Amino acid sequence: MSRTKLPLWTIFKPEQVSMLRTRAVEVPAATITTADFQYLIDDMVKTMHQANGIGLAAPQVGNSIRLAVISPDADPSLHQPLVLINPILTDHSPDQERGEEGCLSVPKVYGLVDRARRVTVKALDRTGQPFTLVGTGLLARVMQHEVDHLNGTLFIDRTDRITTGRDLLP
Amino acid sequence: MKHRLVIFGSSAFGLPAFSVMAKHPAMEVVGVISQPDRPQGRHHELTPTPVSAWARESSLPLWQFPSLQESAIQERLAALRPDIALVAAYGLILPSAVLSIPSRGCINIHGSLLPRHRGASPIAAAIAEGDAMAGISYMLMDAGVDTGPVIHKYALPLHADITHPELEQALSDLAGKTIQTAIDGWLDGTYVPVAQDNQLATRCSRLTKEDGRAHWDSGRRLSRLIRAYTPWPGVWTEWNGQAIKLLAATYEATTPTAKPGTVVQLEQRRWGIMCGDGIIVPSLVQFPGKKPQPAATVPGSYPTFIGTQLN
């Protein structure tokens, strides 16, 4: 099945700033199983892979709803893309890790961000079933980054040092 | 139960955020506090601040106190029984007696990523210092100057040729887009204010005309100041005892071939001013009593200007 690659919204386009800066709304339970919504999930996964992203939130492709996808590259335990619908961070470890982040919505900008090393996320999966996931390291970082997106927050709001992006590049 | 909100603001900077909060279903604006109407322009007509004008148009209760230091005024504010106050570009100090009135505090929208650029000219400071990022901070005000804990920050990468009016507009819009999330997050406990790291703090003071005087040691810095200080105080230099404004210019890194401050002819009709680290090439300048003019027309109008040694 070949899905459509979606246009990526960036904060460098003034008309796209609102989408990336406002709090996204909850996905109604009845929406989740509709064909359109399932297509959107698949389109986002394809878009994420093609852009070499490790995570993608719906506002980044112009949908102000609480949906994000995360690449299996984020953690060895993931065998397929992780779909988070209406995610909530319910717990986080007190210890933080500093790491370099970038973002498809802020192209060519990278920075060091302190994130909780371990977080617990509650969300719905793509069939609408609730689940709880504890992630550490990179997965924890990506989940925090994506949940931030759904609240209009970008990694640049949390960095105190802009970097070259060298750590992230292959 | 709606939250009783008081707004403090004068310049247009806070308007996008104020408008959003005035429409917020959980908020009731019980007072808008702005500076008094002041004479402005050639005919010295009494002109309301942009926030006063907005409050009148929106039929919101407006108070224009000349200062907040008197106890009678503070009692008047307390009588509004505010739960929360929002402060942006108000221009007067809020004394401790006022800060303690709203039960959920006074929240300031500051035009920088605190603790960087505490003080009166944060937007100019971000451009002048060549920062990679600017932004806004939602700060719970305390008695110090921009020293309170920060509820949330929103950043904006700066492109290399941004000017003060452009950045001010972008930050003002950013506040409009983020205010509701930030304030709701504060009220419902999602965002916990974090104390600022004083070690990383920098200060910026209110700009004066003298801040705009050109120094020729660094052209790189001068080109940033021209963008940071437009439209006021601008960057200017003295020639024959009169101020010439450099309205727009680019910096070119070259090995200096003359004393810093020397006005040198370049190829074709271009000219520049030598600096310690290269050359500043103006594109738009303004001579006293004249309209702004393209730099290329200067040698024609002022033949003796080329070759001058500026202080």
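In this predicted model, strand β4 of chain A and strand β5 (residues 110–116) of chain A pair in the antiparallel sense over six bridges, where pairing requires that DSSP finds at least two bridges between two strands, and where strands (E, at least two residues) and helices (H or I, at least four) are DSSP runs numbered from the N terminus. Within this pair, Glu101(A) stands opposite Gly111(A) of β5(A). The two strands belong to an open, antiparallel sheet of three strands in the order β4-β5-β8 (chain A). Because β4 (96–101) and β8 (159–163) of chain A each have a single partner strand, they stand at the edges, and one side of each is left without a neighbour in the sheet. Neighbouring strands of this sheet are turned by 30 degrees against each other on average, direction ignored.

Helix α4 (residues 137–150) of chain A lies across β4 and β5 of chain A, contact meaning heavy atoms within 4.5 Å. The angles in the table run from 0 to 180 degrees between N-to-C directions, with axes fitted to C-alpha atoms, for helices over the stretch in contact.

| Elements | Angle |
|---|---|
| α4(A) and β5(A) | about 105 degrees |
| α1(B) and α6(B) | roughly 35 degrees |

In chain B, the axes of helix α1 (residues 15–23) and helix α6 (residues 164–188) come within 7 Å. Their contact includes Val20(B) and Met21(B) of α1(B), and Ile179(B) and Ile183(B) of α6(B).

Residues are numbered from 1 along each chain as its sequence is written, and chains are lettered from A in the order in which they are written. Local features need pLDDT of at least 70, side-chain atom pairs count only at pLDDT 80 or more, and totals for chains, interfaces and linings use all residues, while side-chain values use heavy atoms, without hydrogens and water.
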